[in-house]
Amino acid sequence: MASKIEAEIELKSPAEKVWNNLKQFTVVFPKALPQTYERIDVLEGDGKSVGSVILSIFKESQSVKERIELVDDEKKIPSYSFLEGEILNHYKNYEAIICVTSQMKSELEKADAHAPNPDFFRDFVVKLFHDFDAYLLKSSLIQDSK
């Protein structure tokens with residue numbers, strides 16, 4: 001049984017800046033979100049292009065291995081799928097599609113009827129992107145003052 005979660009996340013940073021930094025998330029996220037990420041390791045590829053495999057290690061001792069499935073520069077859409085991680089104990093698969101202009105869509109397929117509601121993951125991603133946006137705004141203020 002597949003569950004879709006969607007969220008519109010209003011960001012204050014320009015879409016182009018969000019997109020350019022999101023494409024560099026393996027480097028930017030640990031700097032921008034140190035309260036969330038311990039580190040992000042690129043296991044295969046360059047960490048920016050289709051087929052790259054990334055291991056994200058979070059502060060709460062959890063990790064997720066994911067593959068970049070799509071990078072659409074024109075539409076500013078990356079897509080990721082999870083390969084390994086605790087979330088896959090509850091869901092058979094996970095795919096995230098993020099449209100930098102306004103909307104994030106994810107699809108999870110429950111592993112069994114007892115899997116928790118996926119809203120927790122949507123809430124995590126919404127907070128993550130609000131914190132990321134705050135970092136980008138702060139960094140532009142620092143750059144603008146120079």
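How much space lies in the largest pocket? In this predicted model, the figure is about 540 Å³. The lining of this pocket comprises 28 residues. Nearest its centre lie Phe-58, Val-64, Phe-82, Phe-121 and Phe-124.

Two helices, helix 2 (25–32) and helix 3 (119–144), each supply at least two lining residues. Helix 3 gives the most, with six residues. By class, the lining of the largest pocket holds 20 nonpolar residues, five polar ones and three charged ones.

Rolling a probe the size of a water molecule over the atoms shows where empty space is left. The structure holds two cavities of 30 Å³ or more. The second largest cavity has a volume of about 60 Å³. Around this cavity stand Trp-19, Leu-22, Lys-23, Phe-25, Lys-48, Ile-68, Val-71, Pro-78 and Tyr-80. Helix 1 (15–22), strand 4 and strand 5 each supply at least two of the residues that line the second largest cavity. Seven of its lining residues are nonpolar and two are charged. No polar residue takes part in this lining.

The nonpolar core comes next. In soluble globular proteins, nonpolar side chains tend to be buried together. Here, the largest nonpolar core has 33 residues. Leu-22, Phe-25, Phe-29, Phe-129 and Phe-132 touch the most other members. Helix 3 gives the most to this core, with six residues.

Leu-22 links several of these features. This residue lines the second largest cavity and is one of the core members that touch the most others. Neighbours within four places in sequence aside, Leu-22 is in contact with Phe-29, Phe-129 and Phe-132, among others. Its contacts also include Pro-78, Tyr-80, Ile-98 and Val-100. Of these, Pro-78 and Tyr-80 also line the second largest cavity.

One further residue of helix 3 was examined, Ser-139. Is Ser-139 buried or exposed? Its relative accessibility is 17%. The cut-off for buried is under 20%, so Ser-139 counts as buried. A polar atom of the Ser-139 side chain lies 2.9 Å from the backbone oxygen of Leu-136.

Technical notes
Residues are numbered from 1 along each chain as its sequence is written. This is a predicted model: local features need pLDDT of at least 70, side-chain atom pairs count only at pLDDT 80 or more; totals for chains, interfaces and linings use all residues. Side-chain values use heavy atoms; hydrogens and water are left out. On a 1 Å grid over the protein atoms alone, a cavity is a set of points where a 1.4 Å probe fits but cannot get out, and a pocket is an open set with protein on both sides within 12 Å along at least five of seven lines; lining residues have an atom within 4 Å of a point. Grid points are joined across faces, edges and corners, and a volume is the space filled by probe spheres set on the points. Helices (H or I, at least four residues) and strands (E, at least two) are DSSP runs, numbered from the N terminus. Ala, Val, Leu, Ile, Met, Phe, Trp, Tyr, Cys and Pro count as nonpolar, Asp, Glu, Lys and Arg as charged, and the others, Gly among them, as polar. Buried means under 20% relative accessible area, exposed over 50%, partly exposed in between (1.4 Å probe, protein chains only). A polar contact is a pair of N or O atoms within 3.5 Å; within protein, one must be able to donate a hydrogen and the other to accept it, and residues adjacent in sequence count only if both atoms are side-chain atoms. A nonpolar core is a set of buried Ala, Val, Leu, Ile, Met, Phe, Trp, Tyr and Cys residues joined through side-chain atoms within 4.5 Å. Contact means heavy atoms within 4.5 Å.
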